Amino acid sequence: MRGFLKLTIIEFKLFLREPQAAFFTLIFPLMMLFIFGSIYGNKPTPFFGGFGSVDVSVPSYTAIIIATSGLISLAIVLTSYRESGVLVRFQATPLNPLTVLAVEVIVLFTVTATGMALLIIAAKIVYGLRFAGNPLNVIAAFVLSCFSFFSFGFILAGLMPTVRTAQIVSMALFFPMIFLSGATIPREVLPNGIQKYSEFLPLTHVVNLLRGFWVGDGWGVHLKEVVILISILVTGVIVSAKTFRWK
Amino acid sequence: MKYNAVVRVENLKKLYGSTVAVSDISFEVNEGEIFGIVGPNGAGKTTTIECVEGLRRPTGGNIEVFGLKPLQDGYVLKQRIGIQLQESSLPPRIKTWEALDLFSSFYSRSIDWHDLVDRLGLDNFLDTPFAKLSGGQKRRLFIGLALINDPDLIFFDELTTGLDPQARHSMWDMLREINTDGKTIFLTTHFMEEAERLCNRVAIIDMGRIVALDSPENLIRNLNIESRIIFTLNGYHKTIGSDLKNLNAVTRVESIGDRVIVYGSGTTLISDVVNFLTSKGISYSNFRTEQPNLEDVFLTLTGKKMRD
């Protein structure tokens, strides 16, 4: 237990010392908020169903943070820990190896939630963020989306032979996803063809679920998203249990 | 004298696919000794030591460490052993003190890492991130991590590979010191000199098999490998080659110009040669002897040169 707590503290420190990961999780979403907020403001418009641009952007930017944590941070940290021999060094101690994985999930979940909280606070103060949903639904959707994308990250960490390939594959998945899923650019603005194609991107369902709950939708309208995200989660657990290697 | 075996390995076998890494190895490591496995790269040293540590699953055979099974009893066993791995790392941005503090929290019993820091010469590098440490400093930090739980048995896999001679000698001193503190050491190395200087007993392995197992002195003596005496003649002596060859301890003589190399064995070789030269009034200089070493034993047993 003492080892678990110490490792969690260290991993938090290491996360904050890694400027790239900390930037994309904590700072970049705020930059997006202020850039697009200053361009479009937050006036309610029928285009967004009576909400403002910032109101629908906050849940969408949250999806970017979730994708960053799962596809980039988690996959690359675990692959590089394996490749450089950090995992095997832990394996040579009495520490349960699964503790290392659990700590990674806890740390990334916490920073992802922090990233979302910063967005909400900044948007509330600066743009008078509106919220019409049930907070518990949003939290549940956030947790499901995180775990779904973290398990995606575990699949990558299990399948990628080296850090180099993990980086390339992560980026190749990440960038199309954040631009075509409606996470950066609202899906209302995207051409029809792309909207169809974006159905195949897991992040689209995170965006739809979070945005839907944000403006007050109930679970009934979003069963499809919930089923897809749970399927990814389950697949991730099964695949990574089979493919994850310590060295 | 009756020894207490802390490691027992019986008929260890390990295949990777259809490649045989280790075929049928048996040995014991006794309490308080420095035991070494030596052999060229790819001989199966790391596979063997990692099976004993419980980091690899053997294909066959039986391993006991302190009467425990390394795989099934991993948690209990790892509390009592220290492991320095051949290839491992730490997160690049973790600081020296954080690593020591973190790893000490993994064990139910651990020594105060502040005491280790001084001994390891890391006192000036406590706030240095792992990635910024030199090769020798990293190696010393890993020794620290292997000692942090005050283990009874410590494994060192290729501890000095890639270090400069000075750092290597300081590692040897450190290992002797650890051993003097009463800890059993199990090491692997491909430096014959390292094994000869440190180990009480060595197992020479080649292609996954043990080809010899004994103390370095016994290995050298029992193989009856020739010693060499080399000297320079001050003047010309026509019959010196055949005269020397008549001595009992001498097996053969080579002379190239005024340089003479005498091969032989037995404890009287040197005195016989010196007495002969003195009694005949032959003047010589640059007299030196070359004793056979573990490298010669390895060459004799396997018929091949050590590869670095």
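The contact between the two chains of this predicted model takes 21 residues from chain B and 18 residues from chain A, two residues being in contact if their C-beta atoms, placed from the backbone, lie within 7 Å. On the chain B side, helix H2 (74-80) and helix H3 (96-104) each supply at least two residues, and H3(B) gives the most, with four residues. Helices (H or I, at least four residues) and strands (E, at least two) are DSSP runs, numbered from the N terminus. The side of chain B that touches chain A divides into 11 nonpolar, four polar and six charged residues; here Ala, Val, Leu, Ile, Met, Phe, Trp, Tyr, Cys and Pro count as nonpolar, Asp, Glu, Lys and Arg as charged, and the others, Gly among them, as polar. Residues are numbered from 1 along each chain as its sequence is written, and chains are lettered from A and ligands numbered from 1 in the order in which they are written. As the model is predicted, local features need pLDDT of at least 70 and side-chain atom pairs count only at pLDDT 80 or more, while totals for chains, interfaces and linings use all residues.

Turning to chain A, there are 10 helices and zero strands. Its radius of gyration is 18 Å, close to the 18 Å that the globule rule gives for 247 residues, so chain A is as compact as a globular protein of that length; the radius is taken over C-alpha atoms, and the rule is 2.2 Å times the number of residues to the power 0.38. The C-alpha trace of chain A spans about 60 × 35 × 30 Å along its principal axes. Within this chain, helix H6 (residues 135-159) packs against helix H9 (residues 202-214) at an angle of about 170°, with their axes 9 Å apart. Axes are lines fitted to C-alpha atoms, for helices over the stretch in contact, and angles run from 0 to 180 degrees between N-to-C directions. H6(A) is therefore roughly antiparallel to H9(A), the term for angles over 145 degrees. Among the residues making this contact are A:Phe142 and A:Phe152 of H6(A) and A:Phe213 and A:Trp214 of H9(A). The contact comprises 10 nonpolar residues, two polar and no charged.

Chain B is assigned domain 1 (5-221) and domain 2 (226-291), with bounds from an automatic or database domain assignment. The C-alpha centres of the two domains lie 44 Å apart.

An open sheet of three strands in chain B has the order E2-E1-E4, with antiparallel pairing; two strands pair if DSSP finds at least two bridges between them. Strand E1 (residues 5-16) is joined to strand E2 (residues 19-30) by eight bridges, with B:Val9 opposite B:Phe27. These strands form a hairpin with two residues between them, and B:Gly17 in the turn has a positive phi of about 65°. E1(B) also pairs with E4(B) over five bridges, where B:Val7 stands opposite B:Val65. Helix H1 (residues 45-53) of chain B lies across E1, E2 and E4, running at about 120° to E1(B).

Another open sheet of chain B has four strands in the order E11-E12-E10-E13, again with antiparallel pairing. Its edge strands are E11 (250-256) and E13 (284-290), each pairing on one side only. Neighbouring strands of this sheet are turned by 15° against each other on average, direction ignored. Helix H10 (residues 269-279) of chain B packs on this sheet, touching E10, E12 and E13, and its direction makes about 20° with that of E10(B).

Conventions: Parallel < 35°, antiparallel > 145°, perpendicular 65-115°, else oblique.
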